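Subject: A structure for you to explore

Hi there,

I have a structure to hand over to you, and I hope you enjoy turning it around on your screen. Have a look at it first, and then read on for what turned up.

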Amino acid sequence: MTRRFTGRHMLIVMVAFFGTVIAVNVTMAMFATRTFGGTVVDNSYVASQKFNGWLKEARDQDALGWSLGLTMGEDRRPTIAAAAGETPLAGAVVTATAKHPVGRAPDIALTFTEVAPGQFRAMQPLPAGRWNIHMEAARDGAVLRRIAGLS
């Protein structure tokens, strides 16, 4: 014996279908608004006008032959290894800012002390989570800027 497909069955199918679509859309909208940290640049036209200057600055930094390495200690204090080729970059002034990748947490300014030639350890620990570390090393009027990620 087969059952008839009635208007009541159709109502249940329609409510289930559109209920699922609406629930998924509301969930995705909540995730999107809670996790989006904002824009990368406020004005893309102005950023495009500065692009060639940024390229020149990058080439000048590469010509220095310096490198910055980043590690995270057990106590969540970042350590930066600065070198000029194979030689530790002793006596450099190292600063950094920790930025949350999607802007959900405020930026943290990090100060460093030189614990060994070319080895700089942050005075502040970082909270748990992912961070982009915007590093800067300066010595003798030359500056190297790099960005690295930490978890």
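This is a predicted model: local features need pLDDT of at least 70, side-chain atom pairs count only at pLDDT 80 or more; totals for chains, interfaces and linings use all residues.

Let's begin with the whole chain. The protein chain has 2 helices and 8 strands.

How much of the chain is buried? Buried residues make up 19% of the 151 residues. The accessible surface of the chain comes to about 10700 Å², and carbon and sulfur atoms account for 61% of that. As for contacts between residues at least 6 apart in sequence, 55% of them join residues at least 24 apart.

Now find helix H1, which covers residues 7-35 and holds Phe-18. Is Phe-18 buried, exposed or partly exposed? Its relative accessible area is 42%, so Phe-18 is partly exposed. Phe-18 also belongs to a nonpolar patch on the surface, whose other members include Phe-5, Met-14, Phe-17, Ile-22 and Met-30. Together, the residues of this patch have about 920 Å² of accessible area.

Next, move to helix H2, residues 44-64, where you will find Gln-61. With a relative accessibility of 5%, Gln-61 counts as buried. Which residues does Gln-61 touch, leaving aside its neighbours within four places in sequence? They are Val-143, Leu-144, Arg-145 and Arg-146. Zoom in on Arg-145, because the side chain of Gln-61 reaches its backbone nitrogen at 2.8 Å.

Last stop: strand E2, residues 78-84, which contains Thr-79. Thr-79 is buried too, with a relative accessible area of 13%. Setting aside neighbours within four places in sequence, Thr-79 is in contact with Gly-69, Leu-70 and Thr-71, and also with Gln-119, Phe-120 and Arg-121.

Happy exploring, and write back with any questions!

Best wishes

Notes. Residues are numbered from 1 along each chain as its sequence is written. Side-chain values use heavy atoms; hydrogens and water are left out. Patches are made of residues with over 30% relative accessible area and no salt bridge: like charges are joined within 9 Å, nonpolar side chains (Val, Leu, Ile, Met, Phe, Trp, Tyr) within 5 Å. Accessible areas come from the Shrake-Rupley method with a 1.4 Å probe; for residues, only the protein chains shown count as cover. A salt bridge is a side-chain nitrogen of Lys or Arg within 4 Å of a carboxyl oxygen of Asp or Glu. Helices (H or I, at least four residues) and strands (E, at least two) are DSSP runs, numbered from the N terminus. Buried means under 20% relative accessible area, exposed over 50%, partly exposed in between (1.4 Å probe, protein chains only). Contact means heavy atoms within 4.5 Å. A polar contact is a pair of N or O atoms within 3.5 Å; within protein, one must be able to donate a hydrogen and the other to accept it, and residues adjacent in sequence count only if both atoms are side-chain atoms.
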